Amino acid sequence: MSYIPLENRSVVVLYGPDTKNFLQGIITNDINNLSSQKAIYSLLLNSQGKYLYDFFLTKCGKYTLLECENTYLQQIIEKLNLLKTYLRVKVKNVSALYKVGVLFNTKSIEHSNESQIIFQDPRHKSLGMRIIHKDEIRQPIGDFIQYERVRIQNLIPDGTKDMVQNSSFPLQYLIDKINGISFNKGCYIGQEVVNRMSRQETLRRKLYPVEGNNMLPNIGTKIINESNEEIGELRSTIDKIGLALLNTGKSYTNLHANGVKIYVR
């Protein structure tokens, strides 16, 4: 077992009698699932059904902890405070108290107390156990690059890296395949668009795993086919493997990106 610190993650706590109903009305997943599982992965969308933020939610006593990307921490706090209006919900940044990490290459050991919350990553078991903790973790430091490689190999997008705020549709990024969307809950922001897209036989664009004949270029690099058509772009990459958002109606023959041959896996 190894511990991988995630210094790019922050923690927000929500509490108050209206917290559960408040979250249920704004997130893509079902907050009621926290009664039977340790954590859920979810998104907050805009009214057009496009990505704003992704995060993990877990319970610790009367508190709901929201683990999110540092980059969007302040935006998330401001958005939650704006949306809760008159509801009895408090939102507090507790990142100074908690650190976030992953226990990688380990068996399930879900455990919670005042100093640490451990839960299986709900997106995919291969991503190990996430831990929100106060005390130092005495385990060998793991390889973050290897962790990212596993994420990419299992076709799991990272919201902040792979999706674009106010532009990306979650179903195109297969968020429904990694337990991030509930189609059985009540209304939430952007739900109508998500449901409408779920009824489409073919999405116009979709995330695919790709491989290059050489090291793949950076996120955002355009992918071109044999007809010199731009059919998509690279998202996360590690060495010769990566994720790509591609137009599903175009030819995938003789793809390349900045001189690197691209193969859809």
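Let me start with a definition: two strands pair if DSSP finds at least two bridges between them. Helices (H or I, at least four residues) and strands (E, at least two) are themselves DSSP runs, numbered from the N terminus.

Now, what are we looking at? This is a predicted model, where local features need pLDDT of at least 70, side-chain atom pairs count only at pLDDT 80 or more, and totals for chains, interfaces and linings use all residues. Residues are numbered from 1 along each chain as its sequence is written, and side-chain values use heavy atoms, with hydrogens and water left out.

Okay, the overall picture. The protein has five helices and 16 strands. Its C-alpha trace spans about 60 × 45 × 30 Å along the principal axes. The radius of gyration, taken over C-alpha atoms, gets compared with a globule rule of 2.2 Å times the number of residues to the power 0.38. For 265 residues, a compact globule would come out near 18 Å, and the protein has 19 Å, which agrees.

I'll say "buried" a lot, so: that's under 20% relative accessible area, exposed is over 50%, and partly exposed is in between (1.4 Å probe, protein chains only). Buried residues make up 51% of the 265 here. And "contact" means heavy atoms within 4.5 Å. Of the contacts with a separation of 6 or more, 65% are between residues 24 or more positions apart.

Let's go to the strands. Take β11, residues 205-212. Which strands does β11 join? One is β14, through seven bridges, and the two run antiparallel. In that pair, valine 210 stands opposite glycine 242 of β14. Another is β16, residues 260-264, with three bridges, also antiparallel. There, glycine 212 faces isoleucine 262 in β16.

Next, an open sheet. Five strands make it up, in the order β3-β4-β5-β2-β6, with antiparallel pairing. At the edges sit β3 (39-45) and β6 (90-93), each pairing on one side only. From one strand to the next, the twist averages 30°. For angles like that, axes are lines fitted to C-alpha atoms, for helices over the stretch in contact, and angles run from 0 to 180 degrees between N-to-C directions. Inside the sheet, β2 (residues 9-15) and β5 (residues 63-69) pair in the antiparallel sense over six bridges. In that pairing, serine 10 stands opposite cysteine 68 in β5. Packed on the sheet is helix α2, residues 73-84, which touches β2, β3, β4 (51-60), β5 and β6, and its direction makes about 170° with that of β6.

Keep cysteine 68 in mind. How many disulfides does the structure hold? A disulfide would be a pair of cysteine sulfur atoms within 2.5 Å. The closest cysteine sulfur to that of cysteine 68 is in cysteine 60, 17 Å away, so that's too far for a bond. Cysteine 68 is buried, at 0% relative accessibility, while cysteine 187 is exposed, at 63%.

Over to helix α5, residues 191-198. Gln191, Val193, Val194 and Met197 are buried there. They're on the same side of α5, because they cover an arc of only 165° around the axis. That arc is the one of the directions from the helix axis to the C-beta atoms. An α-helix has 3.6 residues a turn, so residues three or four places apart point the same way. And the buried residues of α5 pack against β3.

Two individual buried residues next. Arginine 151, in helix α3 (residues 144-153), counts as buried at 1% relative accessibility. Beyond residues up to four places away in sequence, arginine 151 touches several others, including Asp158, Asp162 and Leu243. Then there's valine 102, in strand β7 (residues 99-104), buried with a relative accessible area of 0%. Leaving aside neighbours within four places, the contacts of valine 102 include Ser2, Leu127 and Tyr147.

Last stop: backbone angles. Most residues other than glycine have a negative phi, and most peptide bonds are trans. Where is asparagine 228? In the loop between β12 (222-224) and β13 (230-238). Asparagine 254 lies in the loop between β14 (241-247) and β15 (255-257), and is exposed at 54%.
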